Amino acid sequence: MLYKISNIKQTINFDKFYFYATILFAFTLPLSRAMVSFFIIFLPLIWIFEGQFKSKFKLIWNHKVLQAIVLFLGFNLLSLLWTQDYNNAQNTLRLYGYWLTIFVLATSIKKDNIQKIITFFLYGMLLSELIAYGVFFELWNFKHASINNPSPFMFWIDYSIFTAFTAILLLSRLFSNHYLKKEKILMFLFFLSTIGNLFLGMGRTGQVAFIVAIIVMIVLHLKINFKSIFITLTLIITIYGAGYIISDTFKTRVQSGISDIQKIQNHNYDTSWGIRIVYWMITYDILKENPFFGVGVGDYEQALKKKLELNNYPISESTQDFMLKYHAHNQYLMVIIQIGLLGLLLLFNIVYQLYRMKIEDDEIKKLSLLFLTIYFISSMAEPLWIKQFTLALFILFVGIFIVASQKKTL
C-alpha cells in the first residue's frame with residue numbers, strides 16, 4: 001500500500017498542482033463562498049499527502065511570521081481550558097483552522113508565480129465588478145445584490161475591503177515604473193471601475209481604510225515632501241469629492257456618519273457608530289474582570305450578553321436587543337474579550353512581524369504594506385478573522401508575502 005502511494009506521488013508534479021490550485025483559489029476568492037471552503041480544505045489535504053514534513057516544518061520554525069501565527073493560534077486553543085461555551089468555541093476555532101492554509105501556501109508556492117496569482121485575483125475582482133455594474137444598471141438580477149447595494153457575492157462591508165485593496169493595488173502600480181504605458185491605460189480604466197464599485201456600495205469600512213492607504217502609498221513612492229502632500233490631498237479630494245457628487249449611496253452614508261457623530265455628541269448611541277463605541281465600553285468592563293486571559297475563545301457572546309443585561313450603557317432596549325445578536329464589530333476587541341491582553345499582544349506580534357518582514361522585490365514589499373494597512377485599519381470596524389471572505393483574503397495574501405520574503409523556496 002505504501003509502495004503504491006509512493007509511486008503515485010512520484011507521478012505528480014506538486015509544484016504545478018499547487019500553482020494551478022492557488023490561481024484558481026485567487027480567482028474564485030471574490031466570487032464564491034463554496035470555492036473558498038473547497039480550497040481551504042483541498043490545499044491542506046494535498047499538502048499532507050505530499051509529505052516532506054521535515055523541510056516544511058523547518059521553514060515554519062525559522063520564519064518569524066509563521067512563529068507568531070503559531071503562538072496566536074496556540075493561545076486561542078489553550079483558552080479552551082477556561083471557556084465554557086464549547087459549541088461557540090468550536091465555531092471560532094474552525095475559522096482559525098483556515099489559517100493552516102497559510103502554512104500550505106508559505107511552503108508550497110514558488111516566488112516566480114506570485115505575480116501570476118495576484119493577476120488571477122484581479123481577474124476575479126474584475127468579473128465581480130462587471131456583475132455588480134450589471135446589477136446597478138439593471139441589466140440583470142443577481143442573488144441579493146440591488147441597485148442601492150450591488151455587492152454581488154458578499155456582505156457590503158467585506159466587499160468594500162476587497163475593492164479598497166484592489167484599488168490601492170492598481171493605484172500603486174500606476175505610480176510604479178515597472179509597467180508600460182499601454183498596461184497603465186488598462187490599469188487606470190480598471191482602477192476607475194474599482195473606485196466606482198467602492199463608492200456605489202454601502203461599505204464605509206473600505207472607504208475609510210482607502211484614505212489611509214492612499215497616504216501610505218504616496219509616502220512609499222514619493223517619501224514625505226511638499227510634492228507628496230499635494231498629490232495626496234489632490235487624490236483624496238478628487239476621488240472622494242467625485243464619489244460624493246456621483247454616488248447617492250456614498251452621499252447618504254457620509255450624511256449618516258455625520259448624523260451619528262452629532263448624536264453621539266448629544267449622548268445618543270443608538271447609531272451604527274454609537275454602537276461601536278458602546279462595544280468599547282463593554283470590552284473595557286470585561287477586561288477589568290478578565291485582564292490577561294479573557295473569557296475564553298467561546299464565551300464572548302455570553303460575556304457581552306451579561307454586561308448588556310445590566311443596562312449600564314447609554315442605549316435603548318431595541319439597540320440592546322440588536323447588540324445581543326452580534327459580535328463586537330472590532331477584531332481587536334474580539335481578541336481582548338476572548339483571550340485578554342496576552343492575546344492582544346500576540347495579535348500585535350503578528351502585525352509587527354508582518355510589517356517588518358524583509359521582501360527583496362520592492363513592488364511586492366510595497367503591496368504587502370498597503371494590504372496590511374487596508375486590512376488592519378478595517379479590523380477596527382469589523383472582526384475580519386471571523387468572516388469567511390475577509391479571512392480567506394488574509395490567508396491568500398499573507399501566504400504570498402511570506403513566500404516573497406524567503407531567500408529560497410522548497
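In the predicted model, Phe137 is exposed, its relative accessible area being 54%, which places this residue above the 50% limit beyond which a residue counts as exposed. The ring of Phe137 is paired with that of Tyr133: the two centres lie 6.3 Å apart and the planes meet at 20°, so the pair is classed as stacked, given that planes under 30 degrees apart are assigned to that class. A search of the whole structure returns 45 aromatic pairs, among them a pair formed by Phe19 and Tyr20, whose ring centres are separated by 5.1 Å and whose planes stand at 55°, so that this pair is tilted.

With regard to the chain as a whole, the secondary structure consists of 19 helices, with zero strands. The radius of gyration of the chain is 22 Å, close to the 22 Å given by the globule rule for 410 residues, and the chain is therefore as compact as a globular protein of that length. Along the principal axes, the C-alpha trace extends over about 70 × 60 × 45 Å. Of the 410 residues, 55% count as buried, and, among the contacts with a separation of 6 or more, 74% are accounted for by residues 24 or more positions apart.

The surface and the charged side chains were also characterised. The chain exposes about 19900 Å², of which carbon and sulfur atoms supply 65%. The side chains include 36 that are positive and 23 that are negative, and the centres of these two sets are found 11 Å apart.

Key:
Residues are numbered from 1 along each chain as its sequence is written. This is a predicted model: local features need pLDDT of at least 70, side-chain atom pairs count only at pLDDT 80 or more; totals for chains, interfaces and linings use all residues. Side-chain values use heavy atoms; hydrogens and water are left out. Helices (H or I, at least four residues) and strands (E, at least two) are DSSP runs, numbered from the N terminus. The radius of gyration is taken over C-alpha atoms; the globule rule is 2.2 Å times the number of residues to the power 0.38. Buried means under 20% relative accessible area, exposed over 50%, partly exposed in between (1.4 Å probe, protein chains only). Contact means heavy atoms within 4.5 Å. Accessible areas come from the Shrake-Rupley method with a 1.4 Å probe; for residues, only the protein chains shown count as cover. Lys and Arg count as positive and Asp and Glu as negative; His and the chain ends are not counted. The place of a charge is taken as NZ of Lys, CZ of Arg, CG of Asp or CD of Glu. Rings of Phe, Tyr and Trp (its six-membered ring) pair if their centres lie within 6.5 Å; planes under 30 degrees apart count as stacked, over 60 as edge-to-face and the rest as tilted.
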